[in-house]
Amino acid sequence: MGFDYSPWLRPEMMPNIWCPGCGVGIIVKAFIRAMSACGWNRDDTAFVSGIGCTSRAPGYVNMNTLHTTHGRALTFATGIKLAAPDKNVAVISGDGDAAAIGGNHLIHTCRRNIDITLVIVNNGIYGMTGGQYSPTSLPETRAATSPYGNLDRAFDLCELSKAAGATYVARGHVGNAIFLERLIKGGLEHKGFAVIEVMANCHTQYGRRNKHPDPAELIQFIGSRAVSVSQWSKLAPEERGDKFPVGVLHKDTTVPEYTETYKVVQARARERLKAES
Amino acid sequence: MSQSNDRVFWPGNEIIVEAALRAGCTFFGGYPITPSSEIAAHMALRLPQIGGTFIQMEDEIAAMGAVIGASLAGAKSLTATSGPGLSLKQENIGFAMMAEVPCVIVDAQRGGPSTGLPTAPAQSDIMQARWGTHGDHSVIALTPTYPRELYIETIRAFHLAELYRTPVYVMLDEIMAHTTESFRIPSADECGIIKPRSEYTEARVNSWRPFNDYFQGQHLHITGLSHTAEGFPTTNPAIVHKSILHLVNKIVNAQPQIERNAEYLLDDADIAVITFGSPGRAAREAVLAARANGIKVGIFRPITYWPFPVQTVRDLVDRVKAVVVPELNLGMLALQVEKSAMRPEVRIHPVNETGGIAIEPERILAAIEEAQRGI
Ligand SMILES: Cc1ncc(C[n+]2csc(CCOP(=O)(O)OP(=O)(O)O)c2C)c(N)n1
């Protein structure tokens, strides 16, 4: 029997806004299966996003959902988690949302190690606004705002998250949904801030400008560049090219989680108050 | 909490914290900025003592986001900032208006634009409080003058936020933020309504989207997009228009209930000093001095600044022969008085200061005397 998505979705919200062939549906489904596999109760879960094509996802998912402002999803999610530490909080973001306008919030949420799971749908472009380059667009990418080729260098979101202090960092891609579900599940189970980057297709805004207009072909092309973490370490730098490692890239269970640490602060405050009175 | 007849000796910034805690605030998200910083520092000390949560976020945008998130999870939430920080918060404040999320924003005003005068008083954010975020909206902003008022209005801000399902501003200035003086903590009666959010069932009518917080089994969708009464995005022109009218009118129509003013010696007055915030104190000295010289002058202070008490000001201006408007900006209140008044023959005598200093009573007295000569 296949997975029954019906309790997890809001059928009255369909059809969705995504282009036919968009990979974000694959990712949202993997997210849902991962939540289900973790035993997450929809009543006790908040699903938060910013602004962008990807960020429309929570509107279609049947739980406590929040569609915030561009780039700021993690700040709202942090408020929810702090006010309700025993609830589950998950966030979904586009690459522009998470790493351009929201880049500051991303690194600081990593640093705090608060128990939130972030999935970044990295399609290397601004989908919603019409295909402008993003901080993860590769050099030479043709975008609405780089008609002569993108001159920026791209962020490696996993390296960035790891360096900033995230304690679970993984990368998957839209062409392997089963593997992706496992990576997201690992993030949900992890007690701390988890970042899962998903290499994804935007054939409409990226593909048409960069010789990959067909969604199936683009998804396959992305998959062809994925290399397992173990293989990756064996590749020489010149062999790496436009390939990227997939799997769990970093996991550290020794770092205290933020809301747990705050309970210590509360205990200290009460003790000091008692001592003073 | 201390006994209601306790006298305390607190700076304005500490008054805000203690009043917020009394109102049931359990969450503060902030970012340091003069002259509001002590609010955050005091919250960091006090909130964990009562099982609440304080967090210093990475900037004011994040602080505002965290406050909204915490409020959605059920916590009465506060943030505090000044000038540049208020500018940064504006987009998320608009979100809180659109998504009808109760929260309180304190702005300890300093000189601007830009970094301006970080350590000096101003009242030049009052229009930003009204119009700072984009799109049609209404807003509630409270402008107390004295310590007890600051305490009571901070508590009322939480009540109004819950009742009207909207962010509410408490606007003070550097002088009020840092002036320490003795006052008696108001009694429960004087504080007005204080109750948990769960008891605000009457607020239901003020909520366009489905009423409630998260984690109550309702699976709310909350968005800054224009949305239906079910909370889901829509571009249907009739529904969108209706929702915007709801956001604006729930506050406009409640103006008589939200209105609160302070009046002083106005009964026989020929001249009204109309002012708000800390200049209200200098105005009092000036009015007493003018009265000693036989000038019939009194004071009108809107304590609910937004929505502005248009009709009350109109009636007042009808009764007097001249108006003096002292304010720490270049005429934002005067503009509002002018807009409210229907009689062009009533002269408005502005007293403006943007140099980061208080308006001395002598300047207001001089303006009163000039107004008297012109009558
Ligand atoms: C403050 C602000 N600036 C700009 C925008 C316009 N905007 C909407 S979505 C978007 C970027 C979308 O790209 P990404 O985050 O990568 O998500 P995608 O649409 O590709 O899923 C931008 C710039 C906005 N909504 N708000």
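A residue is called buried here if its relative accessible area is under 20%, exposed if over 50% and partly exposed in between (1.4 Å probe, protein chains only). The model is predicted, so local features need pLDDT of at least 70 and side-chain atom pairs count only at pLDDT 80 or more, while totals for chains, interfaces and linings use all residues. Residues are numbered from 1 along each chain as its sequence is written, chains are lettered from A and ligands numbered from 1 in the order in which they are written, and side-chain values use heavy atoms, with hydrogens and water left out.

We turn to the aromatic rings. Rings of Phe, Tyr and Trp (its six-membered ring) are paired if their centres lie within 6.5 Å, and the planes count as stacked under 30 degrees apart, edge-to-face over 60 and tilted for the rest. Over all chains, 12 aromatic pairs are found. One of them is the edge-to-face pair of Phe76(A) and Phe95(B), at 5.1 Å centre to centre and 80° between the planes. Because Phe76(A) belongs to helix H2 (residues 73-83) of chain A and Phe95(B) to helix H4 (residues 83-98) of chain B, this pair joins two chains; helices (H or I, at least four residues) and strands (E, at least two) are DSSP runs, numbered from the N terminus. Phe76(A) is buried at 0% relative accessibility, and Phe95(B) is buried at 3%.

Tyr305(B) and Phe308(B) are also edge-to-face, with 5.5 Å between centres and 65° between planes. Tyr305(B) has a relative accessible area of 0% and is therefore buried; Phe308(B) is buried at 6%. Both rings belong to a cluster linked by ring pairs, together with Phe276(B) and Trp306(B).

Helix H2 of chain A also holds Thr75(A), which is buried at 0% relative accessibility. Leaving aside residues up to four places away in sequence, Thr75(A) touches His105(A) and several residues of chain B, including Met57(B), Ile61(B) and Gly65(B); contact means heavy atoms within 4.5 Å.

Within chain B, helix H1 (residues 12-22) packs on helix H6 (residues 147-164) at an angle of about 40°, with axes 8 Å apart. Axes are lines fitted to C-alpha atoms, for helices over the stretch in contact, and angles run from 0 to 180 degrees between N-to-C directions. H1(B) and H6(B) are therefore oblique, given that angles under 35 degrees count as roughly parallel, over 145 as roughly antiparallel, 65 to 115 as roughly perpendicular and the rest as oblique.
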